[in-house]
Amino acid sequence: MFYFDYTYLVFVVPAMLLALWAQFKVQSTFKKYSSVISMRRMTGHDAARRILDANGLYNVKINRVAGNLTDHFDPRTNTVNLSDSVYDNCSVAAIGVAAHESGHAVQHAVGYGPIKLRTAIIPITQIGSNLAMPLVLIGLLLSFVELAYLGCIFFATATLFQLVTLPVEFNASSRAMAALENTGILGSEELKGSRKVLTAAAMTYVAALAVSLGQLLRLLIIVGGRDRD
């Protein structure tokens, strides 16, 4: 008999649509402002180096990595890794992204609380992500509701990770914009373009949290319904 799963339609589909929109928005915004070359013609690498040095982080290296918008800061190697589309690009979009990743390096250097918490819970979230769905499915198949609830708890660790990520990313963007203005890397009009790129990027993290939260609520409703049977 056909079974209509309303929980997927109500909790997951809207969040997934938001995620698709956010991904489109960041790609289109980055593309738009990638055509706006900064007056100082400073590359993403140069901007990152200027911000890092201004914060005394001379030991943080800057690497080039393959891909588009694959930029990230790696605390294990203490490196800012800039993608092909950012590393030697002189656009306000590339400079904004490079400054954002430098902001993460500064967060680690000053011991910013949320990023320390996010780093600390990564092992837990990795285990939780791997075990969550198998535990829920096995618990439901065997009518072992407690096991299914345990799976929900494991899944909740991944949702917690997404939640903690929000202040980390917002703060990195805030640091980036302040650094770009204080160091004179970008002018006032150019800063508007970089801010739009970083705002669009921030929406992808909001969407990721919405997707994770929607899936968690769906699992709790399904398991809770089985618990009442």
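Author: Gladly! Keep in mind that this is a predicted model. Let's begin with helix 2, whose buried residues pack against strand 1 (61–65), strand 3 (79–83), helix 3 (84–87), helix 4 (92–110) and helix 6 (145–182).

Reader: Which residues of helix 2 are buried?

Author: First, the general idea: an α-helix has 3.6 residues a turn, so residues three or four places apart point the same way. In helix 2 (residues 44–54), the buried residues are Gly44, Ala47, Ala48, Ile51 and Leu52. Viewed down the axis of helix 2, these buried residues fall within an arc of 130°, so they line one face of the helix. After helix 2 comes Gly56, with a positive phi near 75°.

Reader: And the sheet: in what order do the strands run?

Author: Strands of a sheet pair through backbone hydrogen bonds, either parallel or antiparallel. Here 3 strands make an open sheet in the order 1-3-2, with mixed pairing. Strand 1 and strand 2 (72–74) are at the edges with a single partner strand each, so one side of each has no neighbour in the sheet. From one strand to the next, the twist averages 30°. Strand 1 pairs with strand 3 in the parallel sense over 5 bridges. Helix 2 lies across both strand 1 and strand 3, at about 155° to strand 1.

Reader: How do helix 1 and helix 4 cross?

Author: Two packed helices are described by the angle between their axes and the distance between the axes. The axes of helix 1 (residues 6–34) and helix 4 come within 6 Å, crossing at roughly 120°. That makes helix 1 oblique to helix 4. Phe30, Tyr33 and Ser34 of helix 1 meet Val92, Ala93, Ala94 and Val97 of helix 4. By class, this contact has 6 nonpolar, 1 polar and no charged residues.

Terms used: Residues are numbered from 1 along each chain as its sequence is written. This is a predicted model: local features need pLDDT of at least 70, side-chain atom pairs count only at pLDDT 80 or more; totals for chains, interfaces and linings use all residues. Side-chain values use heavy atoms; hydrogens and water are left out. Buried means under 20% relative accessible area, exposed over 50%, partly exposed in between (1.4 Å probe, protein chains only). Helices (H or I, at least four residues) and strands (E, at least two) are DSSP runs, numbered from the N terminus. The arc is that of the directions from the helix axis to the C-beta atoms. Contact means heavy atoms within 4.5 Å. Axes are lines fitted to C-alpha atoms, for helices over the stretch in contact, and angles run from 0 to 180 degrees between N-to-C directions. Angles under 35 degrees count as roughly parallel, over 145 as roughly antiparallel, 65 to 115 as roughly perpendicular and the rest as oblique. Ala, Val, Leu, Ile, Met, Phe, Trp, Tyr, Cys and Pro count as nonpolar, Asp, Glu, Lys and Arg as charged, and the others, Gly among them, as polar. Two strands pair if DSSP finds at least two bridges between them.
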